[in-house]
Amino acid sequence: MSTFVQLTVTGLSNGAILALAALGFVLIYKSSAVINFAQGQFLLIGAYVVWALTIDAGLHWSLAVLGAVLVAIALGLLVERVILRPLVGQPIISVIMVTIGLAQVLGALVLIIWGTTPRAFPDFIPSDSVDLLGAQVGESRLWAIGLVGIALIAFALFFTRSRHGIAMRAVADDQQAALAMGISVRRVFALAWALAGVSAVVGGMLLASLVGVSGEISGFGLLVFPVVILGGLDSVLGAVVGGAVIGLLTAYTGGYVGGGLQTVIPYVALVLILLVKPYGLFGQVRIERV
Amino acid sequence: MAATTTGVYHTTYRGDLALRHTKLEYVRLALVLAVVAALPFVASPYWLTVLNQIGIAIVGAIGLNILVGYTGQISLGQGGFLAVGAYTAGIVATKTGVSPLLGVLAAVLATALVGAFFGLPALRLKGLYLAIATLASQQIIIWVITHWDFVTGGVDALVLEPVTLFGWTITGDTQWYWVIAGFAGLATLVGTNLFRTGVGRAFVAIRDQDIAAEVIGVDPMRYKLLAFAVSSGFVGLAGALTAYWTQILTWERFTLDVSILYLAMIIVGGLGSISGAIYGAAFMIALPAYLQQLSFRFQGDSFFVSNLPALQLLIFGATIVLFLVFEPKGMARIWQRMKDYFRLWPFRY
C-alpha cells in the first residue's frame, strides 16, 4: 500500500508537470497548427532563468519568477515573429524542422551561458518528506501537484472568462470566422507562444525543484509527445488527463515491473494509441484519407 | 536535345528519361569523378576521416530523402534504423564467420524489414502524427538495443574485427575511402535510377497528391510501406558501413540527435533531390568538423575551445533555421539558381 501511495504521488507530480508542458504545446498547436519541438528547451530556460535570478542575482524568489515569466514571454514572442511567421503555409516538415533547429539553438545557448554542471535549485517549496496514508512521500511533490493544479485552474479561467482567452478559442475553432469577428489572428498566435513560454517557466521551475537544474530537463520535453497524443493534440483537457495517465503509467511500470521498462513504456503507449485512436481521447477528429 | 540559352528541349521520350541531358553534364560527371579520385591523395588524415563519414552520410541521407523528400513521409526514426543496420552487421560479424558482404546484405534486409514494420503507422497517419510515431520508434529501437543484452551487448560497446574480403584486410582510412566511396556512388546511382522507374514515380505521386495517386492506380498502402522499406534499406547499408569501418558500436551514436542530423542534411541540401542529399550530407558533416579543426588552431582561446560542443550545436541549429526561413528548397536550389544565372547571363530571366 505504501509503495502504491508513493508511486501514485510520484506519478501524479511528474504527470502534473508534464500536463503543464503539454498545455503550452497544445496552445501553440491549437491556434497555429505548429508542433513545438523546443518545448523541452523552454522548460530548461525557464528553470535556469529562475535559478540565475535567485542564486546569482540574489533576488527574492517571487521577483525571480516574475522576471523569468517576462523572459519567457519575450522569447515566445521573438520566436513567433522571427522564425515561425515566415513559415506560414510551408509544408509540415519545414515547420517541424524549424522548431527542432530552434531547440538546438536554445539548448546550445543554455550550455554556453550556464555550462553542463547540474545545480541545486533554491528551496522555494519545502522538500521534507511527509507521512501520507502510511507512506513517506516528498513534500515538494505534493506542492508540485498543488501548484500545477492552481496554474491549470488559472489557465482554464483565462480561456473561459477573459476576452483574450475566448479570442484564442475562436481562432482555434475557425480562423476565418475569427478574422471576420475582428480578432487579430496574428496577435493570437503571438499570445499562444507567450503563454506557452509562461507555462514552461512554471513547469521548468517545479521540475527543477524536484530533480535539480540540468540538461536532463529538456529530455522531459520529449515525454510531452505521448501525453499530447493520448489526450489529443488540440485538447487542453486532454493535456491534463494525458499528463496524469502517462505520469502514473511510468511510475507504476518503474515500481512494479522495473528493468528500465518505464523509459520506453510511454512511447509504446504512444504507438498503440496512434494505431487505435489517432486523435486521442479528447482530440478533434478530422476525417481525412491517408 | 541541345542545350540552348533558353532551355533544354527533348524530342524523344528516351531523351527525356536520360540521366544526363547535355554534354556539359558529362563534363561535370567527369570532374566530380576526378575530384573523388584525387581527394584521398590531397586530404590530411583528419579530413580523410571526415570524408569517410561524409560518404556514409551520403548513403543514409539518400535513403532518408527517398522517404521524406520524395514520398513525403516524415521520419524521425533515422537514428534507430541506422542502429538496426549497424548492430545487424556487428552481430553477424561477431557471432558468425560469414563474409562481410553477407553481413551488409543482412543489415540491408533487416533494416528494410524493421523500417517497413515501423512504417505501419503511416497507413493510418500522416504529417505531424506520423512524425511523432516515428519519434516513438526511434526511442523504442534504442531501448531494445540497450536492454536486450543477450543480442546487442546492451550498453557496452560491441567491438568488431577488421574486415577481410577475399583475403584483403581493409585497414586504414585510405583503403576504407575507396570502399565507402564505392558504396556512396552505388547508392547515388540506385537512388537516381529509382525515380526513372514506375515505383519511384509512384512515390512522388503519393507525396504530391495521395488521393489522385490512388485514382490513377497507385496503391498508397503498398507504396508507403515500400518507401519505408527501400529507404531503410539504404539506411541499413549506411549503418553496416559504420559498423565495419569504425569497428566499435555504442548506442549513443544512434540517438534522436542523429535522426535530426540526417533530417537537417536533406533540408539543407534540398528535399526531393538526390544531389541535394549529397550536398547536405557533405555540408552538415564538414561544418562541425571544420569548427573542430578551428579549435585546434585557437588553442589559446579558452572560450572557443571549452564551448566547442555548444558552439557546434548552436551553428547546427542556426543553419537549419536560416535555411528554412531563407532557402527552404536547400542547396540544390541555390546551385540551380547559380546555373540559371550564368546560363541566361546577361539577362535576368
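Author: What follows is a short exchange on the terms used for this predicted model.

Reader: What makes helix 6 of chain B largely enclosed?

Author: A residue is buried if 20 or more other C-beta atoms lie within 10 Å of its own. In helix 6 of chain B, 14 of the 20 residues are buried, so the rest of the structure largely encloses this helix.

Reader: How do you know that the span of helix 6 of chain B agrees with its 20 residues?

Author: At 1.5 Å a residue, the 20 residues should span 28 Å. The end C-alpha atoms of helix 6 of chain B are 29 Å apart, which agrees.

Reader: Which residues does helix 4 of chain B bring to helix 6 of chain B, and why are they said to meet?

Author: Two residues are in contact if their C-beta atoms lie within 7 Å. From helix 4 of chain B come B:Gly79, B:Gly80, B:Ala83, B:Val84 and B:Tyr87. Their partners in helix 6 of chain B include B:Ser137 and B:Ile141. By class, this contact has six nonpolar, four polar and no charged residues.

Reader: How are the two helices placed?

Author: Helix 4 of chain B (residues 78–95) and helix 6 of chain B pack at about 30°, with their axes 8 Å apart. Their crossing is left-handed.

Reader: What makes up the side of chain B that touches chain A?

Author: Here 36 residues of chain B are in contact with 35 residues of chain A. Helix 6 of chain B gives the largest share of the chain B side, eleven residues. That side divides into 28 nonpolar, five polar and three charged residues.

Note on methods:
Residues numbered from 1 in each chain as written. Chains lettered and ligands numbered in written order. Predicted model: local features only at pLDDT ≥ 70, side-chain atom pairs only at ≥ 80, totals over all residues. Helix = DSSP H or I, 4+ residues; strand = E, 2+ residues; numbered from the N terminus. Nonpolar A, V, L, I, M, F, W, Y, C, P; charged D, E, K, R; others polar. Expected span 1.5 Å × (residues − 1). Buried ≥ 20, exposed ≤ 12 C-beta atoms within 10 Å, placed from the backbone. Axes fitted to C-alpha atoms, helices over the stretch in contact; angles between N-to-C directions. Left-handed = near helix turned anticlockwise from the far one by under 90°.
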